[in-house]
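Open the model in your viewer and keep the selection tool ready.

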Amino acid sequence: MSFALHGLGVSGGIAIGRAMLMSHATLEVAHLTIAPRLVDKEVARFEHALDKVREELAAMKENTEHAPAELAAFIDLHVMFLADPELVEVPKQIIRERRCNAEWALVQQMEHLVAQFEQFEDAYLKERKFDVVQVVERVVKELLGHPGRAVLKKAKGVTEENLIIVAHDLSPADVIAFKEHRFASFVTDVGGATSHTAILARSMAIPAIVGLSSARSMIRDNELLIVDGARGVLIVNPDERVLEEYRLRKEQIELERSKLKRLKSAPSETLDGVPVSLQANIELPADAKDALESGADGIGLFRTEFLFLGRGDMPSEEEQFEAYRKVIKAMEGRPVTIRTFDLGGDKAIDHQRTQTNPALGRRAIRLSLAEPKMFHLQLRAILRASRYGKVKLLIPMLSHAHQIDATLAAVEQAKSSLRGEKLLFDENIEVGGMIEIPGAALAVSMFLRRLDFLSIGTNDLIQYTLAIDRTDEQVSSLYDPLHPAVLMLVAHTITSAEKAGIPVSVCGEMAGAPKFTRLLLGLGLRTFSMHPSQILEVKSRLVQADVNELAPLVRRILRLEETARIREAVDKLNSPAPMN
Ligand code: PEP
Ligand code: MG
């Protein structure tokens, strides 16, 4: 049966491929022995988890009014399983008889049931094993009290390029693991447009949709899918006519992308001869290759925390030094801006998951200053690498003058430890700060007095200005770069930096969205940093722009008080057709 689901398209393009459902490592549970006196408690813990999942499903059912009818049917089926003694009573017997933990007992019984379903001749009944696994996944997740790391199980005989990952949720660490693969696309039930999961999809230049709410429970392994990343539409089991239409559109997009390649060696300047630097955002050293291939002038943002995610421990100074040096060498003298760890928020390390409000908590420079040993190590590694090229040090999430002062003191301390060991580094390394907090943008002069350059992180700046959790699909429609408050803060930062003679760039997602290129040029921005895959399209917009013409138009936009009016005016700015 063919049907379509709608979500938030976070990375454009079209993918056609087979579904690969992501299961969770929660199903790889530990086998623990329980003391006899604690067995009743373990049974009670299991019953409590069952109740919680029943509640969760009941709540989901209430919200299915606008969802496809199939979803309600799936939920009913899952509720039925949760009333079945095979899943409810047998695990309790296993806990009592074998004195084991509830998770393990449940997974043992699940495997037994899956094996039984596999015996069925009838295709429909056979498929119900997936429902058993999904229900068990929910209960195990509840028992463990946190989501597990994703695990990939690939169907036989299908190549990665034809696979579309379907997951309830993916952490940035999961997606970073995908970088070693060549999947066609991924889609998730939850997530916001500028969550790090979405950002990684864009960095891999693969189509992706988040916030589909029920894809994971409605799609079966190996079903044929079409992902329309620009429109946020997922088509399941398309008929031949729809498939043909999408194959054509996919070819057209590929043709347009290959035409853009001609722009790679063209000078990056506007029609009226104003040079504009287009730099790349990268997450891993291997991404430097894509940056070069797209013609980037340098690395505007190296998100070093991704060296850390997906592994339990901290990379050593030596490991970090090698990673930084690799990027610097690869960039052959072009500037490389290395941002110190932005851990926390949605890039939480395990022990931080319990923070009440991670986006407002001990994140980025706050964490680095609270962990001076970790910070010292990273600063030493960056400084040591700085002798191999033009390195700039970038500090995320600054808000207070004393944080800048403490950071600069930590840099001095790292420098003096290297001097003591007679290790070489760039004595004049530039230190810059990210403007990601509205308070920082408003009080930008205290940054300008202390730092060598600024970089505006619009992803967080929008999140904090509008109080919208960037990872939450339920509020994603309110996440709007064209809100007048956001534009005022960006404009104020650029103008103040310009007056002070301090270089400023934008490295948030706004810089890589071609629809904002003219607006940002008109605001006075001359350095953009984005995913390598976006550089040529942004370049195609800027080589057709005349900043002298744009500046007064954009000044007028800044006076508008309504987002809808601003959007209209920005659309008008863009009306000269993009080059093909
Ligand atoms: C930003 O906030 O705009 C930014 C570039 O940093 P990150 O997306 O890594 O938080
Ligand atoms: Mg940020």
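Select E436 and D460: both are buried, meaning under 20% relative accessible area, where exposed is over 50% and partly exposed is in between (1.4 Å probe, protein chains only). This is a predicted model, so local features need pLDDT of at least 70, side-chain atom pairs count only at pLDDT 80 or more, and totals for chains, interfaces and linings use all residues. Residues are numbered from 1 along each chain as its sequence is written, chains are lettered from A and ligands numbered from 1 in the order in which they are written, and side-chain values use heavy atoms, without hydrogens and water.

E436 sits in the loop between β15 (430-435) and α16 (438-442), and D460 in helix α18 (residues 458-466), so the pair ties together parts 24 residues apart in sequence.

Next, select A364. Look for A364 in the loop between β13 (336-339) and α13 (365-370). A364 is buried, at 1% relative accessibility.

Move on to M397. M397 is not a glycine, yet its phi is positive, about 60°. M397 belongs to the loop between β14 (391-395) and α15 (401-420). Its relative accessible area is 0%, so M397 is buried.

Last stop: L125. Find L125 in helix α6 (residues 123-144). L125 is partly exposed, with a relative accessible area of 34%.

Technical notes. Helices (H or I, at least four residues) and strands (E, at least two) are DSSP runs, numbered from the N terminus.
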